[in-house]
Amino acid sequence: MSILVIAEHDNSSLKLATLNVIAAAKAIGGDIDVLVAGAGCGAVAEAAAKAEGVNKVLVADNAVYGHFLGENLGELVAELGKGYSHILAAAGTTGKDFMPRVAALLDVAQISDIIRVESADTFARPIYAGNAIATVKASDSIKVITVRPTGFDPVSAEGGSASVEQLDIVKDAGLSTYVSEEKAKSDRPELASASIVISGGRGMQNGENFKMLEKIADLLGAGMGASRAAVDAGFVPNDMQVGQTGKIVAPQLYIAVGISGAIQHIAGMSESKVIVAINKDEEAPIFQVADYGLVADLFVAVPELEEELKKVL
Amino acid sequence: MKVLVAVKRVIDYNVKVRVKSDNTGVDLANVKMAMNPFCEIAVEEAVRLKEKGIVNEIVVVSIGAKAAQEQIRTALALGADRGIHVETDEEVESLEAAKLLKAIVDKEQPKLVILGKQSIDSDNNQTGQMLAALAGMGQGTFASEVVVDGDKVNVTREVDGGHMTVSLSLPAVITTDLRLNEPRYASLPNIMKAKKKPLESVSPADLGVDIVSRLSTLKVEAPAARKAGVKVADVAELVDKLKNEAKVI
Ligand SMILES: Cc1cc2nc3c(=O)[nH]c(=O)nc-3n(C[C@H](O)[C@H](O)[C@H](O)COP(=O)(O)OP(=O)(O)OC[C@H]3O[C@@H](n4cnc5c(N)ncnc54)[C@H](O)[C@@H]3O)c2cc1C
Ligand SMILES: Nc1ncnc2c1ncn2[C@@H]1O[C@H](COP(=O)(O)O)[C@@H](O)[C@H]1O
């Protein structure tokens with residue numbers, strides 16, 4: 001078996017999720033090649049070559065891949081992928097965008113968002129917002145798979161010494177062009193890989209009040225998340241949404257503040273090791289999944305939490 | 001211009017999902033079904049484009065058993081002009097759905113195809129992208145804003161870390177994210193009117209598509225339940241537990 005893993009990156013650094021995807025590839029077994037497609041992405045290729053378990057790094061460095069447009073990546077990966085038994089990418093917004101195109105061009109099914117490898121052709125994945133886990137067997141000769149990073153412990157970023165090969169394949173589908181980008185800048189750990197996450201919901205009342213949570217996040221070195229209601233209301237940016245249709249997180253500690261615990265939210269955080277809920281409604285469903293529940297007004301409890309944490313940290 | 005909207009019949013998003021005791025699937029007997037929420041957003045976007053005078057005809061398609069006609073009628077009540085039902089009792093995987101939609105695209109020649117980004121039952125998030133690849137079209141996935149500009153469409157997408165805007169040549173495929181719009185409710189008079197709008201039924205064979213199954217579901221299980229936690233009396237107890245019991249801070 002030979003597996004092609006598509007690296008996720010921003011042209012300057014390798015996204016950690018790639019290490020989780022390589023771990024999924026190791027669980028399948030076989031030679032693992034990593035494709036780094038981007039523009040000016042040499043440093044990413046070097047980083048990928050150091051990752052544990054990688055055989056070869058293929059680099060497609062060209063302006064047409066610079067913004068990771070699904071149309072161009074789809075053609076590139078479909079062409080390269082023909083020689084492999086499995087093609088894997090992280091189930092982030094980039095992978096979700098181009099991978100189904102790869103599957104369609106190869107005339108094979110895609111298996112989305114796997115959380116477990118049972119064998120080389122059988123995988124477990126959540127369906128119905130994580131209310132059920134399906135074990136599916138794929139019969140196509142090439143398996144196109146997106147991997148939920150939280151399902152796999154990452155391989156080590158160091159220790160590997162893969163060869164690096166430059167590709168000269170330029171695929172410009174000519175269907176789309178990049179216009180602009182607005183990325184939230186933050187010094188906080190990335191939500192998807194933070195070991196502590198604190199999220200606020202509609203109970204926060206406005207964006208200004210999220211500053212209370214920021215103070216806690218700064219104390220704990222935590223990433224910040226939110227419920228859909230908080231995002232829809234414009235309190236915080238969309239990329240902070242945790243849930244079925246937002247980010248999936250599985251930190252050591254997840255703190256939900258003023259979040260009721262709708263199934264769509266739980267779907268994004270139920271794999272967290274320890275869950276804390278602060279909510280003034282003792283009947284709120286979030287308490288059914290919380291290891292530690294505090295029934296309290298958040299406007300009293302959160303400042304108190306800040307003071308108590310300062311004492312012990 | 002003409003727009004094609006694909007809508008899927010799924011379990012209502014408010015229903016508590018239960019796994020069948022024989023682990024063959026999810027219990028759908030006597031469960032409330034509805035239009036997939038992302039498809040409602042797709043229909044709404046098409047209707048808004050029509051209200052702006054950019055679109056003159058909205059064709060809505062659903063693939064599935066007879067009952068899927070209910071969701072087509074809902075879309076017609078919301079403002080779509082006519083419906084196409086691709087009738088099949090078989091389970092249709094995303095690639096086959098994309099092939100069926102491609103056949104309809106070939107016939108109808110829409111300038112824009114709008115789908116939901118994800119079905120809330122399979123959570124696949126594939127069909128729109130597959131259709132775009134098969135039809136050789138550009139794609140604006142996870143759209144939070146759609147602006148048609150002559151023979152181009154600018155789509156702002158919800159991506160990890162923020163937003164990204166792409167420009168696509170028409171015809172193109174768009175898949176909707178939650179914040180593209182807030183769908184309206186159908187009024188009673190419009191529900192009545194929808195009953196008279198044309199709804200054509202075709203089979204996969206009519207469209208020249210063989211429904212093959214590439215994935216077999218070996219079992220469906222309930223996720224591991226979290227063990228019940230405790231309520232703490234105050235913030236001091238919470239911090240103490242996090243530090244000394246759970247050891248996570
Ligand atoms: C297709 C679809 C996809 C969805 N995807 C997602 C998703 O990915 N992520 C997601 O989060 N949601 C998602 N949702 C929405 C989800 O169904 C809920 O509507 C949403 O999660 C509710 O957010 P909330 O808990 O912040 O708000 P609410 O349900 O309004 O809860 C607010 C909570 O705050 C508490 N509160 C209020 N004031 C205080 C106070 N002063 N102190 C303490 N507590 C207080 C209240 O008791 C209440 O429990 C989706 C819905 C659909 C239909
Ligand atoms: N059976 C179907 N009938 C009509 N549209 C569908 C069907 N399956 C998927 N779609 C469309 O594709 C979108 C994404 O579905 P999926 O790829 O299954 O997550 C849905 O929101 C629909 O717009």
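A polar contact of 2.8 Å links the side chain of A:Asp291 to that of B:Arg226, where a polar contact is a pair of N or O atoms within 3.5 Å; within protein, one atom must be able to donate a hydrogen and the other to accept it, and residues adjacent in sequence count only if both atoms are side-chain atoms. The model is predicted, with pLDDT of at least 70 needed for local features and 80 or more for side-chain atom pairs, while totals for chains, interfaces and linings use all residues. Residues are numbered from 1 along each chain as its sequence is written, chains are lettered from A and ligands numbered from 1 in the order in which they are written, and side-chain values use heavy atoms, with hydrogens and water left out.

A:Asp291 sits in the loop between strand 15 (274–279) and strand 16 (292–295) of chain A; helices (H or I, at least four residues) and strands (E, at least two) are DSSP runs, numbered from the N terminus. With a relative accessible area of 13%, A:Asp291 is buried. Here buried means under 20% relative accessible area, exposed means over 50%, and partly exposed lies in between (1.4 Å probe, protein chains only). A polar atom of the A:Asp291 side chain also lies 2.7 Å from the backbone nitrogen of A:Ile275.

Chain A as a whole comprises eight helices and 16 strands. Its radius of gyration is 21 Å, close to the 20 Å that the globule rule gives for 313 residues, so chain A is as compact as a globular protein of that length. The radius is taken over C-alpha atoms, and the globule rule is 2.2 Å times the number of residues to the power 0.38. Along the principal axes, the C-alpha atoms of chain A fill a box of roughly 60 × 40 × 40 Å, and 60% of the 313 residues count as buried.

Helix 4 of chain A is mostly covered, with 12 of its 14 residues buried, including A:Phe98, A:Met99 and A:Val102. Just after this helix, A:Asp107 takes a positive phi of about 55 degrees.

Next come the ligands. Ligand 1 is surrounded by 28 residues, and the closest are A:Arg202, A:Ser227, A:Thr245, A:Ser260 and A:Asn279; a residue is near a molecule if one of its heavy atoms lies within 4 Å of it. The residues around ligand 1 come from chains A and B, so the site is shared between chains. Helix 6 (228–232), helix 7 (263–266) and helix 8 (298–312) of chain A, together with helix 1 (37–51) of chain B, each supply at least two residues of the shell. By class, this shell has 10 nonpolar, 13 polar and five charged residues, where Ala, Val, Leu, Ile, Met, Phe, Trp, Tyr, Cys and Pro count as nonpolar, Asp, Glu, Lys and Arg as charged, and the others, Gly among them, as polar. An N or O atom in the side chain of A:Arg202 is 2.6 Å from an oxygen atom of ligand 1, and a backbone N or O atom of A:Gly258 lies 3.0 Å from an oxygen atom of this ligand. Taken alone, ligand 1 exposes 990 Å², of which the protein buries 86%; accessible areas come from the Shrake-Rupley method with a 1.4 Å probe, and for residues only the protein chains shown count as cover.

Ligand 2 has 18 residues around it, the closest being B:Ala6, B:Ser119, B:Asn125, B:Gln126 and B:Thr127. Strand 4 of chain B gives the most to this shell, with three residues. The shell divides into six nonpolar, 11 polar and one charged residue. A polar side-chain atom of B:Thr127 lies 2.7 Å from an oxygen atom of ligand 2, and a backbone N or O atom of B:Asn125 lies 2.8 Å from an oxygen atom of ligand 2. Taken alone, ligand 2 exposes 480 Å², and the protein buries 97% of that.

B:Asn125 has a positive phi of about 60 degrees although it is not a glycine, and at 5% relative accessibility B:Asn125 counts as buried. B:Gln109 likewise has a positive phi, near 50 degrees, but counts as exposed at 57% relative accessibility.
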